[in-house]
Amino acid sequence: MRVDAAYDHCRAITHKHGGNFSVGFRFLPAVKRRAVYAAYAFCRVADDIADEGSDSVEQKLTSLDAWQSELEAAYEQRPTQPITIALADALQHFAIPKSAFIALIDGCRQDMVKTRYETFEELLHYCDLVATSISDISLAIFGYRSAEALTYGRNLATALQLTNVTRDIGDDVTRDRIYLPAEELRQFGVDEREIFEHAENDRVRQLVEFQIARAERYFTEAEPLLRQLDFDARFPTLLMGGVYATVLAKLRKDPLLAVRSRLSLSRIQKLLVIGSRVLRPHFV
């Protein structure tokens with residue numbers, strides 16, 4: 001497959017599955033945009049192996065091993081699949097750390113064997129695997145001024161992942177997964193059974209509000225990242241964070257929506273995010 005066709009394949013995957021991310025990606029210069037599409041598509045396949053289909057855990061773990069082998073092939077410039085053909089080309093332009101992709105795959109492996117988290121520290125480690133890894137990949141493509149950007153990027157990645165965790169409470173239980181720390185369920189007097197039953201009461205509402213407030217703090221702590229990025233990556237990053245922060249804002253208005261249904265933003269709502277960030281650059 002030709003490289004251009006491989007990139008087109010990655011772009012189609014990103015626009016189909018990564019709506020909240022791709023809003024910002026569209027504003028990147030072409031060489032960075034194509035690299036981000038390739039990286040997103042690679043990570044998406046790993047995520048789908050863990051989350052989709054009816055394969056057994058053993059079969060999924062074997063598939064993740066095979067996908068990691070294909071990652072090695074991309075780094076050795078001998079890719080065999082459209083996504084890794086594009087990724088191998090991107091690696092000729094950007095020094096993306098292989099360790100970040102491996103961490104992401106390890107996070108997908110963890111999803112196969114770990115479905116509960118006792119403490120926030122445990123959850124934070126999971127965020128490092130599946131989200132900080134994405135930040136490290138993205139920053140290698142975006143370009144940044146100092147090592148401080150990596151810390152701010154981790155804050156933004158954690159904010160995005162905690163937003164996902166909060167938004168998807170009701171959806172995750174269909175896979176027998178509860179990412180909310182068990183100690184926090186006990187803190188608010190919420191039984192695990194209530195999460196599975198999509199219970200709507202004051203205790204659940206307060207639990208969700210607690211999650212929202214923490215994610216917002218991470219967004220605030222990530223704000224300095226924008227000044228650390230290469231200029232052409234600032235607005236795309238602002239939009240990506242803004243879309244997720246808008247999801248949080250909508251959940252704040254109706255916290256129980258998190259257990260009721262999966263919240264997504266319409267095209268018009270995403271356009272409003274773009275307009276509001278042009279007028280006043282901010283995440284939250």
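Among contacts between residues at least 6 apart in sequence, what percentage join residues at least 24 apart? In this predicted model, the figure for the chain is 72%. The points below take the chain as a whole, then the core, and then individual elements.

1. Overall fold. The secondary structure of the chain consists of 16 helices and zero strands. The radius of gyration is 19 Å, close to the 19 Å given by the globule rule for 284 residues, so the chain is as compact as a globular protein of that length. The C-alpha trace spans about 55 × 50 × 35 Å along its principal axes.

2. Burial and surface. Of the 284 residues, 53% count as buried. The chain exposes about 12600 Å², and carbon and sulfur atoms supply 52% of that area.

3. Nonpolar core. The largest nonpolar core holds 90 residues, and the members that touch the most others are Phe-101, Ile-141 and Phe-219. Helix H3 contributes the largest share of this core, with 12 residues. In soluble globular proteins, nonpolar side chains tend to be buried together.

4. Surroundings of Ile-141. With neighbours within four places in sequence left aside, Ile-141 is in contact with Lys-32, Ala-35, Val-36, Ala-39, Phe-94 and Ile-96.

5. Helix H4. This helix runs over residues 57-75, 19 residues in total. From its first C-alpha to its last it reaches 27 Å, close to the 27 Å expected at 1.5 Å a residue. An α-helix has 3.6 residues a turn, so residues three or four places apart point the same way. Just after H4, Gln-77 takes a positive phi of about 60°.

6. Asp-111. Asp-111 counts as buried because its relative accessible area is 4%, under the 20% cut-off. Not counting residues up to four places away in sequence, Asp-111 touches Tyr-126, Arg-177 and Tyr-179.

Terms used
Residues are numbered from 1 along each chain as its sequence is written. This is a predicted model: local features need pLDDT of at least 70, side-chain atom pairs count only at pLDDT 80 or more; totals for chains, interfaces and linings use all residues. Side-chain values use heavy atoms; hydrogens and water are left out. Helices (H or I, at least four residues) and strands (E, at least two) are DSSP runs, numbered from the N terminus. The expected span of a helix is 1.5 Å times one less than its number of residues. A nonpolar core is a set of buried Ala, Val, Leu, Ile, Met, Phe, Trp, Tyr and Cys residues joined through side-chain atoms within 4.5 Å. Buried means under 20% relative accessible area, exposed over 50%, partly exposed in between (1.4 Å probe, protein chains only). Contact means heavy atoms within 4.5 Å. The radius of gyration is taken over C-alpha atoms; the globule rule is 2.2 Å times the number of residues to the power 0.38. Accessible areas come from the Shrake-Rupley method with a 1.4 Å probe; for residues, only the protein chains shown count as cover.
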